[in-house]
Each structure stands twice: as C-alpha cells, then as structure tokens.
Amino acid sequence: MTLSLILKKRPLPPIPSSFITLPQVLARLYASRGVQHIDELELKLSRLLPAQGLLGLDSAITQINAAIDAKQRILIIGDFDADGATSTALMMLALGKMGAVVDFLVPDRFKYGYGLTPEIVALALAEYTPDMIITVDNGISSHEGVAAAQAANVAVIITDHHLTTKVAPPAQAVVNPNQQGCHFASKALAGVGVAFYVLAALATLRKSQGKPTAKLTDWLDLVALGTVADVAPLDANNRILVSQGLVRIKSGQCRLGLLALLEIAKRERRSLTAQDLGFVLGPRINAAGRMDSMRIGIECLLAEDPAVARALAEQLEKLNQTRRTVEAGMKSDALALLAERPLFDESAQQAAPPAIVLYEPSWHQGVIGIVAGRLKEQFNRPSIVFAPSDDTERMIKGSARSIVGVHIRDAIERVAESHPELISHFGGHAMAAGLTLPAENFADFSQAFNAVIAEHDPSLFEPVLLTDGELCAEDFSTQLAQQLMEGDPWGQAFPAPVFEGEFEILEQRILKEKHLKLTLRHPQGGGWLDAIAFNIDTDAWPNESARVQMAYQLDINEFRGERRLQLKVYWLTPKA
C-alpha cells in the first residue's frame, strides 16, 4: 500500500495578548500548541504543580518514612522499559540517600511478564525477604500480586501512571494521577514523574523532621529521560521536568552512565535535545529490557565509577545493535505478510483494513513494540504485533501502537468487554498498550479488533502531516532557527515546528548515494537556501523539476566554526 501524504496547517487559536513581545512566528507556534500565557514558557521548577494534589501521596510518604526509620527492607519493583529503569534508579538513589535499606527487582519480561504478579512476589519473598514493596511504573492493575504480598505481611506502595477504569488494588497506598478519584491537574506524568513527586514530598517531610533527606533536583536527568522515552505528553508540567533535566545533562551534572552512552553514541551533550533523549539514550536503555535484562540498564544509571559506567554502556550498545538486527528481520517478515494480503497490495483497488494485527511464532517478544511502531508509521494504521509469550507458544503477547484519534487501550478494552473470552489481560495508554491472549484466539481477536477500529472516522487513517504553515522570505535566518532550538523541549503533544512551502530549485545532487542536497530560493526572493533530505528515493531524485513543494524544519549546520541555516526536509515532491 502506498500512502500519499496530505499536508494540513495546524489549527491556530487566537494568539494570547501576553505574546505581544514574542516574534510573530513564535507567537503562532506556541498558541497552536495550547500555550495560553507567556508565563508558561518560563520552565522553572517553581512553576511545577504542587504535589498535594496527588491522591494517596500523604499516606505513601508517611509509611515509607516510617519504614526508613525502622530500617525495614524496602524492595523496588519496576518495569522493564526506560521509564521503569529511570524510576527504579531514582528510587534507589533517593531512598538510599535518605538512609533506607533498599534494593530492586526487575521482572524478566520473558519469564514473568509485566507488573506485580504473584510470581514476582514469590521471587521477591524468596530472594529479598522485603518488609515493603514499592512499585514504579506498574501495579495499578496488580490485584493478585498485592494480595499475595499482603498475605505474606509485606506492605505494598503502588506508584504508577497507567490508565485504569477499575478500582485500584487495596495496597497500603496508591499514587497514580490516572486512578479513579485523583484530581491532580496533570494526567501526563510518566512513571518516573510520579516517583519524582513521591520522593520530593518524602524528602520535604524528612527535612521538616530533621532526618537524613535528599535533593531530588540532583536526579532530574533521570526524570527527563524516562518522561521522553515513554513518549509522555509534554504538557506544561512535563516540559518543566524535561527542560530542567536537559539543563543538567548538557552541563554534565548527570549520571555517569548517561555521559558514557552519549560518548559511545558520538553525541555532544552540550547540544542535546529532547529528541535525543527519545532516539539516542532511550533505545540504548530499552535494549537491556528487550534483549536481556533491564538490570544492566539500571546498573548503568546507578554507576558511580566512570569505568563501570563505560563498561555497562558498552554492553547496552551491543544489545542495541542486536536489537536493530532482530528488528530489521521482523520488519521484513511483517511486510512480507502484508504483501500476501490483497488489501495491502499496491495494485488492489480496495481500501486497506483499519488496523494491522500480525503474529509469527518466530518473532522476538522484546522487539514487537518497535515493529508495531514502524508499521503504524508506514501505513498510518493502529498496529499490534504478537510474539509467543513463552516456549510453549500457547499464549502470545502483543504490543500495540496507535495513531492520533484512536485510543488504543480503550479499543482493546472494548474487545475485552464484548468478547471476554478472547483476552487474558491488557493495559496501557492512548498511544501504546500491551495485551496477552491464547494463541488460538488470535484470528478471532484480530477480527474483533478490526471491527472496533473500523467504527472510527475514516479520515483518521489518512496520512496527514500537520504543519505550521509557510514562512516569509525574511523569516529564514539562523536567529529564528536558534530561537526554535531554544524552545525545546519539543515532543509528544508539543511537536517540533514543521513548515511547508514551494521553492525554486537552483541545484540538486545526491550525497553518499542516498541523501538529496538542494539549493533553493524562496518565491518572494531572498538569498539561497541550503536544504538536505535524508534517505530519499534515488529513482525519483535528482530530476528536471524547477520547483519543489516541501515540509521542513529550520536547522543550523555548523562546519569549521561557521553556522549556516539549513532546511531539514521531512517530505518533498516535485512541482511542474
């Protein structure tokens, strides 16, 4: 199936009067992203939402505080992704600083699956004999696990951020902005953001009591990484957390493991962006949980010795390279499966199905989420990719990724409600979810899920790229490009600016056999503009066209000390 991209201008609400001091382009950008007052652009920690709005917070910190004082054994149980890893590391560092007897356990995704399961509780009891379990980035649906822990006289504090439509487990305390009855003003916190709020409140309590405490701002690098890697919406609150974390990383005041990973990836920390957290650091941390054990990733984040941090970072780099190889093979398999289906044949006249649901017994459980994301991007369809849950292949585990306008977790829940026999369990967010079901139910689930997705507005499946409109000739400057860079963090629900327009082609050539280098001129005149399009179709370019329509970002190319404006092309097509 070939998708023809549709460019649409982002809706522009009235520009707030407080934006009068901003350049017109910036005022337009921020207004279209929901910023209602210029003060929201001041990403200071003092502007964070107060922690007191979190339901269950007071109970949680009171009990953790008492456990620290009594020298009870506290065990952190996290998730096996970057959000879970940063949450676990943050808990270990902060609680340790406060004097807690604390350790951590990460479920092996290949043996135990996700969350505080009875099996994980049994392992925790056997290996750590904890007095208290604190979950991070999981637990909101773990009724059986909480019951198993409490039956062994182990207190459970749940910190999570995942969505739920059900009553939370009867743990000793539950802190989750998305639980029923919680009126915290932001529902966008990642798991590490929830952990940060709990620990900050705990630190304040202990300081008021004259006890050993901790300065949570020292670990905002972890909060920023976990928030971006988990694709949490960058609302005003999360933008503050991410911005402050980026400041620490760029200044070198961050975990040694992050510095080692950046060095291996050949990324300069001083020019780091929020996008780099998601595409450079996040995948390398995630590789541990996908291909081996997330303990490697957590230990890298906890490392206090540069040599240890470097060795662990090198392990993560190798795991990430393996992940890329496995991912490429699975993506190729998936495209081959779709090619066998007439609805995805480019010559077919019928519309493609509303969703992509695939399963292969040979696929790797740790990579299904990435492949689902790749398919979603290529075909603009909600996608779920399944792999065997264990060696028996009786149960299969799926990872789902969605498009804007389709709440993937709610869609799965609708299938579960109408066909309760199909799905064993599920959970997640609007854009990403996970589920487990018997392999024999795959075909029926696929049919039921497609039926639910088919009820959505067909226009949602059109491949639309929202742009911030056109720029005037005088807007093309390194000054504006620098201002846009300084507007970081950009990301989920606060997208980086993308502009569109037609240009005159003055010169075009291929670089390194796959990149298109262009020299352009704006229709209104002005100087020559450099542009670069990466990984283009070399059968289509260069060509004889005199004009081109593009979607692009403003970028700055630095070479031999000289800074020049460069357009980074997202999409382009020749014009007659």
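## A pocket and its lining

The lining of the second largest pocket is made up of 15 nonpolar, four polar and three charged residues. The model is a predicted one, and in it this pocket has a volume of about 420 Å³. Of the 22 residues that line the pocket, the closest to its centre are Ala51, Tyr197, Ala200, Ala201 and Thr204. Two elements, α2 (57–69) and α6 (191–208), are the ones that give two or more residues to this lining, and the largest share, eight residues, comes from α6.

## The chain as a whole

The secondary structure of the protein chain comes to 16 helices and 17 strands. Its radius of gyration is 25 Å, close to the 25 Å that the globule rule gives for 576 residues, so the chain is as compact as a globular protein of that length. Taken along the principal axes, the box that the C-alpha atoms fill is roughly 75 × 55 × 50 Å.

The packing of two helices is described by the angle between their axes and the distance between the axes.

| Helix pair | Axes come within | Crossing angle |
|---|---|---|
| α7 (residues 220–229) and α10 (residues 274–291) | 8 Å | roughly 90° |
| α9 and α10 | 10 Å | roughly 110° |
| α10 and α11 (residues 294–302) | 6 Å | roughly 145° |

With axes that cross at roughly 90°, α7 is therefore roughly perpendicular to α10. On the α7 side the contact is made by Ala224, Leu225, Val228 and Ala229, and on the α10 side by Ala274, Leu277, Gly278, Leu281, Gly282 and Ile285. Sorted by class, this contact of α7 with α10 has eight nonpolar, two polar and no charged residues.

For α9 and α10, the axes cross at roughly 110°, and these two helices are therefore roughly perpendicular to each other. Here Leu258, Leu261 and Leu262 of α9 are in contact with Leu281, Arg284 and Ile285 of α10, and the residues of this contact divide into five nonpolar, no polar and one charged.

Between α10 and α11, whose axes cross at roughly 145°, the residues that meet are Ile285, Asn286, Ala288 and Gly289 in α10 and Met294, Ile296, Gly297 and Leu301 in α11. By class, the contact of α10 with α11 has five nonpolar, three polar and no charged residues.

## Backbone details in loops

The loop between α9 (256–264) and α10 holds Lys266, a residue that has a positive phi of about 60° although it is not a glycine.

Cis peptide bonds also deserve a look. One of them joins Asp488 and Pro489, with omega at about 15°, and Pro489 has its place in the loop between α16 (478–486) and β13 (499–511). The peptide bond from Trp541 to Pro542 is cis as well, with omega near -10°, and Pro542 lies in the loop between β15 (525–533) and β16 (547–559).

Key. Residues numbered from 1 in each chain as written. Predicted model: local features only at pLDDT ≥ 70, side-chain atom pairs only at ≥ 80, totals over all residues. Heavy atoms only, no water. 1 Å grid on protein atoms, 1.4 Å probe; cavity = no way out; pocket = protein on both sides within 12 Å on 5 of 7 lines; lining within 4 Å. Points joined across faces, edges and corners; volume = space filled by probe spheres on them. Helix = DSSP H or I, 4+ residues; strand = E, 2+ residues; numbered from the N terminus. Nonpolar A, V, L, I, M, F, W, Y, C, P; charged D, E, K, R; others polar. Axes fitted to C-alpha atoms, helices over the stretch in contact; angles between N-to-C directions. Parallel < 35°, antiparallel > 145°, perpendicular 65-115°, else oblique. Contact = heavy atoms within 4.5 Å. Rg over C-alpha atoms; globule rule 2.2 N^0.38 Å.
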